[in-house]
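I opened this entry to keep a record of what I looked up, going from the whole chain down to single residues.

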Amino acid sequence: MRQLIEDYAIIGDHQTAALVARNGSVDWLCLPRFDSPACFAALLGDEHNGHWRIAPEGAGTCTRRAYRPGTLVLDTEWDTPTGRVRVTDLMPQRDRWPDLVRIVEGRSGKVTVRSALRLRFDYGSIVPWMRRSDGHRVAVAGPDSVWLRSEPDVPCWGEDFTTHSEFTVGKGERVAFVLTWHPSHEPRPKLIDPFKALRQSERDWRNWAGHCGYSGPHREAVIRSLITLKALTYAPTGGIVAAATTSLPEEPGGVRNWDYRYCWLRDSTLTLGALITAGHLDEAKAWRDWLLRAVAGSPADLQIMYGLSGERRIPEFEVDWLPGFADSHPVRIGNLAVEQRQLDVYGEVIDSLQLAARRGLGAKPHAWNIQRSLLDFLESAWREPDAGLWEVRGPEQHFVHSKIMAWVAADRAVRAMEAAPELKGDVNRWRRMREEVRQDVSTRGFDQDRGTFTQTYGSTALDAALLLIPRTGFLPPDDPRVTGTIDAVRAELAHDGFVRRYSTEGGAVDGLPGGEGTFLVCSFWLVDALHLAGRTKEARHLFDRLVALRNDVGLLAEEYDPVSGRQLGNFPQAFSHIGLVNSAFTLFGTAGATGGAV
C-alpha cells in the first residue's frame, strides 16, 4: 500500500535524517549529510530505489507507534497472531560517521521477523557491490561504503539485489541491526554498542528537551516541535534545514516539487525567537553565528538560502529515474531559487541580529558592521522589484512584504542607535528611509476601497505574508488597516479556516501550473495576528485545530489539504513547527517568541 506523507516519522543524528514509514520501512536517508544523495529513495519512487524494512513476517502497517517521551527514539509495534514485537529506531549522535540502529525486541509470544535491505546509492540509481567481511555485509559503490551487522548474529542472504534476514524473537529477546556509512576509501569505522547507544540517546534527548521553558497548553506539541527543529539542525555549523526531504509535492501529481534541504534566511527571525524563548540558547547562538558567516560578503550578493555550511552554489537539476511521490514529477535536486533577488531577506537578517542582541546572546563586534553594510545597500535597492518571500518563478514585482521588511531593517537600526548612541551610523538618514518606506507602502500597497494591503503594488491580489505586519511593528495590531487585512486574507485566502499563501489561479503570480494546499505556517501567522488584534478566542480555536493536524507522532509537513485531509509538501517542515512554537508562546507564554517589535 502506498504510504502517505503523514505516514512517516523522522529519526536523525543532527547531521542527517531518515524517514520511517508505518510499515517499518526506512524509505528516505541521505548520507552523510542532509543534502547528500539518498541511499534509500523509495519515498520518491518504490522499493527498487532503496529502502530497509524490518517487520513481522506477513505484516503490513504497524499496530501502534510513538516516540519515547522527550526523545527522537521511535518505537513501532505490531500485534500478530503469535505475539507482539517492537522495532526501535534511532540514529545516535555520531563520533565521526553516521549509524542507523534498529533494535527488534519480543514483547510477548514468539514472532518471526524479516529484514529486507536494498541499498541504492545516488538517489536510488546505483546498485552497490556486496561482499562479506568479518561477519558483516559490506556495500560499496564509488565514494560510498555501508557496513551492516547484527547483535547477536542472525542468518542473512542475498536475493534479487537485496540483503534478507529472518529470525524469531520471544519475550525479552532482542536483535540489534547497525548500518554504518563511511567514505569507501577509508577503513571501517569503530563499532558502536547499539544498546548503549540507545540508552545514551534517550538520556541526551531528555536532558535537552528538559530545558524547554514552556508550560502552557499543548506542551507536548511544543516540545515535539522543538525536538523536530533540533533534528533538522546541522550540528557542525548550526544551520537549520527547511525540511529533511526534496520534492514532496505541494499538489499530488503536480510540478510544485522543491528541494528544501538547505537553510533559508527568511526563517531566521522566527527561528531565533522560538529557540530563545523556549530556553535553547546554545542552538540560538549557533544559528546566529551560522547566519553571520553565511551573509558575510558584498551586500549585493546576499542570497535567500545557503547550504548547510553556508555554501552559495546550490545548482538545480532533475532526477529523471525517480517518478516522484504519488507520480509528482519532476524530482528536483538543488534549488534554482538561490539565484533570485528577494529584498525581504535584508530585513530578516537585521531583525534577527537585533533580536539576538536584545535577548542577550552575546555581542559579536562585527555584527553591527554587517548590518550597516546591508542597510547602505538596501537604502537604494528597496525601491526595486523582487521575487518576493515565496520565491515565485514569475516576473519580479513590487511585493508589499518585501517593502515592509525594508522598513524593518531601517527601524531596527534606528532603535539600535537610540539604545546605544555610541554605535557608528547615520541614524537621521535611516529615520528618513524608514518614513519614506512607510509612506510608499501606505500609498501604493494599500487598497482603499477594500481596506486591505495587497500582495504587490497596484494589484488586487492578497498575500498571507501580510499577516506579519503587526509582528513587525509596521502598524499597531488594532489599526483598521491591519484588521481589514486580516479579514480580507481570511475571506479570500482561507479554506476551511486554514490559509493559503496566495492565489495560484492561472499562475499569474508564480508562473506555475496547478495549485497547492493551505500553508501551515501562514495559518499560525493568522493565529498570532488575531491574538495581537484582541481576538484571542478566535486565535485559540484556530490554534487548537492546527495542533490537531499533526500526524500520530506529532509532525507537520509544509501544507495541508482540507479537501483530502492530507499533509502536503516537504516533511517534516521546520517553518510549520516554528509557527506552532511561536503561536503557543504568543497565546499562552512569552510574547517575545514572535520576535520583532511586538
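I began with burial, and found that 63% of the 598 residues of the protein chain count as buried. I keep in mind throughout that this is a predicted model, in which the protein chain averages a pLDDT of 95 and 97% of the residues score at least 70.

Next I turned to the overall fold. I counted 14 helices and 28 strands in the protein chain. The radius of gyration is 25 Å, close to the 25 Å that the globule rule gives for 598 residues, so I noted the chain as being as compact as a globular protein of that length. Along the principal axes, I read a box of roughly 75 × 50 × 45 Å for the C-alpha atoms. Of the contacts between residues at least 6 apart in sequence, I found that 66% join residues at least 24 apart.

I then went to Val127, which I located in the loop between helix H1 (121-124) and strand E10 (129-133). Beyond its neighbours within four places in sequence, Val127 is in contact with Arg120 and Phe161. I also checked Val127 against Trp258, 131 residues apart along the chain, and their C-alpha atoms are separated by 26 Å.

My last entries concern the backbone. Most residues other than glycine have a negative phi, and most peptide bonds are trans. Against that background I logged a cis peptide bond from Leu31 to Pro32, with omega near 10 degrees, where Pro32 lies in the loop between strands E3 (25-30) and E4 (38-40). I logged another cis bond from Glu151 to Pro152, with omega near -10 degrees, and placed Pro152 in the loop between strands E12 (144-151) and E13 (156-159).

For positive phi, I noted His218 at near 60 degrees, in the loop between helices H2 (194-209) and H3 (219-231), and partly exposed with a relative accessible area of 30%. I noted Ala326 as well, with a positive phi of about 55 degrees, in the loop between strands E20 (317-318) and E21 (332-333), and partly exposed at 38% relative accessible area.

How values were computed
Residues are numbered from 1 along each chain as its sequence is written. This is a predicted model: local features need pLDDT of at least 70, side-chain atom pairs count only at pLDDT 80 or more; totals for chains, interfaces and linings use all residues. Side-chain values use heavy atoms; hydrogens and water are left out. pLDDT is the predictor's confidence in each residue, from 0 to 100. Helices (H or I, at least four residues) and strands (E, at least two) are DSSP runs, numbered from the N terminus. The radius of gyration is taken over C-alpha atoms; the globule rule is 2.2 Å times the number of residues to the power 0.38. Buried means under 20% relative accessible area, exposed over 50%, partly exposed in between (1.4 Å probe, protein chains only). Contact means heavy atoms within 4.5 Å.
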